[in-house]
Amino acid sequence: MRKSEVKIGRTYAVKVSDRIVPVTLVAENRFGGWIARNEKTGRDVRIKSAARLRFPVVRIDGRWIKEN
């Protein structure tokens, strides 16, 4: 994914600690990248580059699926 395609407030599938999890981008980090909330654990994580973002996801009936 490219940095120009990333939008604050959207949920993306991201590789965090060797797992792909949904995270919602909360804000930009002043040192670069974004601050995101892990939707599985509720913890904040720092996304340093857009390369970690896989694709946008949406929650439907309790499941996270790829957004078209």
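How many bridges join strand 1 to strand 2, and in which direction do the two strands run? In this predicted model, six bridges join strand 1 to strand 2 (residues 19-28), and the two strands run antiparallel.

## Overall fold

The secondary structure of the protein consists of six strands and zero helices, so that, read from the N terminus, the order of elements is β-β-β-β-β-β. The radius of gyration of the protein is 11 Å, close to the 11 Å that the globule rule gives for 68 residues, and the protein is therefore as compact as a globular protein of that length. Taken along the principal axes, the box filled by the C-alpha atoms comes to roughly 35 × 25 × 20 Å.

## Surface and charge

Buried residues make up 31% of the 68 residues in the protein. The protein exposes about 5000 Å², and carbon and sulfur atoms supply 45% of that area.

As for charged groups, the protein carries 17 positive and 7 negative side chains, and the centres of these two sets lie 5 Å apart.

## Strand 1 and its partners

Strand 1 (residues 11-16) is mostly covered, with five of its six residues buried. On the side of strand 2, to which six bridges join it, T11 stands opposite T24. Strand 1 is also joined to strand 5, in this case by three bridges, and these two strands likewise run antiparallel; here the bridge partner of V14 is L53 in strand 5.

The hairpin of strand 1 and strand 2 has two residues between the strands. S17, which is placed in the loop between strand 1 and strand 2, has a phi near 55°, a positive value in a residue other than glycine. With a relative accessibility of 65%, S17 counts as exposed, because the cut-off for that class is over 50%.

I60 belongs to strand 5 (residues 53-60). Its relative accessibility is 41%, so I60 counts as partly exposed. Although strand 1 and strand 5 are joined by bridges, the C-alpha atoms of I60 and K15, which are 45 residues apart along the chain, are separated by 21 Å.

D61 lies in the loop between strand 5 and strand 6 (63-66). D61 has a positive phi of about 55° although it is not a glycine, and its relative accessible area of 79% makes it an exposed residue.

## A buried loop residue

Which residues does N29 contact, once its neighbours within four places in sequence are left aside? N29 lies in the loop between strand 2 and strand 3 (34-38), and its contacts on this count are with W34, I35 and R46. The relative accessible area of N29 is 15%, and N29 is therefore buried, since that class covers values under 20%.

Definitions and conventions. Residues numbered from 1 in each chain as written. Predicted model: local features only at pLDDT ≥ 70, side-chain atom pairs only at ≥ 80, totals over all residues. Heavy atoms only, no water. Helix = DSSP H or I, 4+ residues; strand = E, 2+ residues; numbered from the N terminus. Rg over C-alpha atoms; globule rule 2.2 N^0.38 Å. Buried < 20%, exposed > 50% of the residue type's maximum accessible area, 1.4 Å probe, protein only. Areas by Shrake-Rupley, 256 points an atom, 1.4 Å probe, with all protein chains shown as cover. Lys, Arg positive; Asp, Glu negative; His and termini not counted. Charge placed at Lys NZ, Arg CZ, Asp CG, Glu CD. Pairing = 2+ DSSP bridges. Contact = heavy atoms within 4.5 Å.
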